[in-house]
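Okay, everyone, thanks for coming. Let me put the model up and walk you through how it is put together.

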Amino acid sequence: MKGIAMRLFIAINFNEEIKDHLTSAIRELKKASSGGNFTHRENLHLTLVFLGELNPDKVGEIKSAMNRVSGEPFRLSFSGFGRFKRRGGDIHWAGVEKNHELIAIQKQLTLELETSGFAPEDREYSPHMTLGREVRLSDPSADIYGELAAEHKEMKVTRISLMKSERVNGKLTYTEIYGRDFS
């Protein structure tokens with residue numbers, strides 16, 4: 001089944017409470033900036049493995065690799081905000097607390113995908129959620145997130161998802177094309 005290449009990644013999608021929290025942070029970031037590209041609420045997720053542009057005939061192999069990953073549901077705690085400084089505007093992100101289960105799942109996924117002939121990104125995994133790209137702050141020293149930074153939020157992770165990234169009517173849209181539940 002050859003076809004047009006799809007941009008794919010494997011992720012943890014968030015529940016409504018976490019999306020609400022991160023959407024509040026994005027709202028504050030927008031207020032404090034003079035411009036940028038901000039993540040849409042429905043696209044908030046935690047990437048585990050970025051696969052890139054692949055033909056649709058590879059989806060079956062990716063599903064098989066995901067199914068070989070063993071794991072139990074686990075708690076994911078969200079912690080703090082930061083930015084990666086870039087010329088032309090920074091990338092702002094929300095972080096997660098160190099989590100052995102998360103790292104184990106991500107490493108298993110990477111190994112299973114490599115064993116199946118895929119070449120995931122070759123860099124240390126740094127779990128974070130992108131809130132905005134090319135962000136230019138009006139006042140770089142401002143306390144953007146205020147009380148949001150002190151709030152402790154967590155969710156139970158029970159599923160990993162194979163996601164497709166595409167532009168639909170000019171809007172970046174992420175769609176789950178397969179999910180693997182942990183029991």
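Let me start with a term: two strands count as paired if DSSP finds at least two bridges between them. Helices (H or I, at least four residues) and strands (E, at least two) are DSSP runs, numbered from the N terminus. A bit of housekeeping: this is a predicted model, so local features need pLDDT of at least 70, side-chain atom pairs count only at pLDDT 80 or more, and totals for chains, interfaces and linings use all residues. Residues are numbered from 1 along each chain as its sequence is written, and side-chain values use heavy atoms, with hydrogens and water left out.

So, β1 (6-13). This strand is joined to β3 (45-54) by 8 bridges, and the two run antiparallel. In that pair L8 sits opposite G52 of β3. β1 also runs antiparallel to β8, with 5 bridges between them, and there I10 has L162 as its bridge partner. Now a cut-off: buried means under 20% relative accessible area, exposed means over 50%, and partly exposed is in between, with a 1.4 Å probe and protein chains only. By that rule 6 of the 8 residues of β1 are buried, so the strand is largely enclosed by the rest of the structure.

Keep an eye on I10. A nonpolar core here is a set of buried Ala, Val, Leu, Ile, Met, Phe, Trp, Tyr and Cys residues joined through side-chain atoms within 4.5 Å. The largest one has 47 residues, and I10, L48 and I62 have the most contacts inside it. Contact, by the way, means heavy atoms within 4.5 Å. Skipping neighbours within four places in sequence, I10 touches a list of residues including L46, L48, I62, M66, L109 and L162.

Staying with β8 (159-168), S165 lies in that strand and is buried, at 12% relative accessible area. Apart from neighbours within four places in sequence, S165 is in contact with R7, F9, L172, T173 and Y174. Its C-alpha is 27 Å from that of K31, which is 134 residues away along the chain.

Zooming in, β4 (residues 74-84) and β5 (residues 90-96) pair antiparallel over 5 bridges. F81 faces A94 in β5, and F78 faces V96. Their hairpin has 5 residues between the strands, and G88 there takes a positive phi near 90 degrees. β4 also pairs antiparallel with β7, again over 5 bridges, with R75 opposite K156.

Two non-glycines have positive phi too. E134, in β6, is at about 55 degrees and is partly exposed at 44%. N169, in the loop between β8 and β9 (171-181), is at about 50 degrees and is exposed at 81%.

On a 1 Å grid over the protein atoms alone, a cavity is a set of points where a 1.4 Å probe fits but cannot get out; a pocket is an open set with protein on both sides within 12 Å along at least five of seven lines; lining residues have an atom within 4 Å of a point. Points are joined across faces, edges and corners, and a volume is the space filled by probe spheres set on them.

The largest pocket holds about 1400 Å³. Of its 38 lining residues, T47, R123, H128, T130 and R133 are the closest to its centre.
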